[in-house]
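Good morning, colleagues. Please look at the sequence and the structure on the screen, and I shall then take you through the side-chain contacts.

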Amino acid sequence: MLEKLVAAVAGWIIAVIASMGYGGIVLLMAIESACIPLPSEIIMPFAGFLVSKGDLTLWGIALAGAVGCVVGSIPAYYLGMYGGRPLVEKFGKYVLISKKDLDMADRWFADHGEIIIFIARLLPAVRTFIAFPAGVARMNMTRFVAYTFVGSLIWCFVLGYVGMKAGEHWEDLKVYFHESHYVIAALGLIFFAWYVRRHFKNEEA
């Protein structure tokens with residue numbers, strides 16, 4: 001059941017980017033940054049694959065991804081500012097955010113200060129919900145947006161570059177794989193399946 005759900009999510013992501021281009025990347029990365037674990041590990045490599053085909057540009061997809069991250073992070077920031085932790089603890093389970101995730105984000109923010117917003121944007125999993133403790137702490141919005149944009153730009157560029165290089169060497173790889181988008185999706189699916197299982201283990205802990 002879980003495998004079918006994950007495959008359906010991957011298929012939807014690929015379809016959105018293929019049909020909407022840069023706008024689809026902004027949309028999907030905004031969802032990913034709004035505390036909803038839509039894996040950028042699928043979004044950006046597939047966008048990079050389209051770069052290798054000449055449909056998009058590497059800097060274009062990186063900028064679109066970073067803009068999407070900022071757009072999605074702002075609602076999460078205000079949710080933390082005005083809703084507070086109790087609201088997220090009550091409803092977070094519906095978007096795969098556990099109490100343990102919130103504890104980790106709060107601890108990182110307390111230990112490292114505002115720079116953790118930049119650092120977390122370069123890390124899997126935690127990047128999805130790091131905007132929330134920034135809102136709880138009422139971090140300066142200008143710095144929040146700046147750290148989010150720069151960290152996300154680097155993350156999106158690197159993942160896009162990986163997808164682009166995979167596309168450029170597709171002639172060598174197709175001996176082992178029949179469909180290019182399955183290769184890109186498979187890498188993200190591994191992470192997403194791990195993230196879902198991790199969430200349920202944290203809920204049980």
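Is Cys-69 buried or exposed? Cys-69 counts as buried, at 0% relative accessibility; buried stands for under 20% relative accessible area, exposed for over 50%, and partly exposed for the range in between, with a 1.4 Å probe and protein chains only.

Before I continue, a word on the basis of these values. This is a predicted model, in which local features need pLDDT of at least 70 and side-chain atom pairs count only at pLDDT 80 or more, while totals for chains, interfaces and linings use all residues. Residues are numbered from 1 along each chain as its sequence is written, and side-chain values use heavy atoms, with hydrogens and water left out.

Let me return to the cysteines. Cys-156 is likewise buried, at 0% relative accessibility. The closest cysteine sulfur to that of Cys-69 belongs to Cys-156, at 4.6 Å, which is too far for a bond. A disulfide requires a pair of cysteine sulfur atoms within 2.5 Å, and by this rule the count is 0 disulfides.

I turn next to the aromatic residues. The structure holds 5 aromatic pairs, where rings of Phe, Tyr and Trp (its six-membered ring) pair if their centres lie within 6.5 Å, and planes under 30 degrees apart are called stacked, over 60 edge-to-face and the rest tilted. One of these pairs is edge-to-face: Tyr-77 with Tyr-78, at 5.3 Å centre to centre and 90 degrees between the planes. Tyr-78 also pairs with Tyr-82, and here the arrangement is stacked, at 6.0 Å centre to centre with 10 degrees between the planes. Tyr-78 and Tyr-82 both belong to helix H4 (residues 58-91) and sit 4 residues apart, about one turn of the helix; helices here are DSSP runs (H or I, at least four residues), numbered from the N terminus.

Arg-138 lies over the face of Tyr-82, at 6.0 Å from the ring centre; the criterion is NZ of Lys or CZ of Arg within 6 Å of the ring centre and within 35 degrees of the ring normal.

Now to the interior. A nonpolar core is a set of buried Ala, Val, Leu, Ile, Met, Phe, Trp, Tyr and Cys residues joined through side-chain atoms within 4.5 Å. The largest has 27 residues, and Ile-13, Ile-17, Ile-25, Ile-43, Met-44 and Ile-61 touch the most other members. At least two residues of this core come from each of helix H1 (2-20), helix H2 (22-33), helix H3 (40-52), H4 and helix H8 (141-168), and H3 gives the most, with 8 residues. Beyond its neighbours within four places in sequence, Ile-17 has contacts (heavy atoms within 4.5 Å) that include Ile-25, Leu-28 and Ile-43. A second, separate core of 15 residues includes Phe-109, Ala-131, Ala-134 and Met-139.

Finally, how many salt bridges does a search of the whole structure find? The search finds 1, given a side-chain nitrogen of Lys or Arg within 4 Å of a carboxyl oxygen of Asp or Glu. Its partners are Glu-114 and Arg-143, at 2.6 Å, N to O. Glu-114 lies in the loop between helix H5 (99-112) and helix H6 (115-120) and Arg-143 in helix H8, so the pair ties together parts that are 29 residues apart in sequence.
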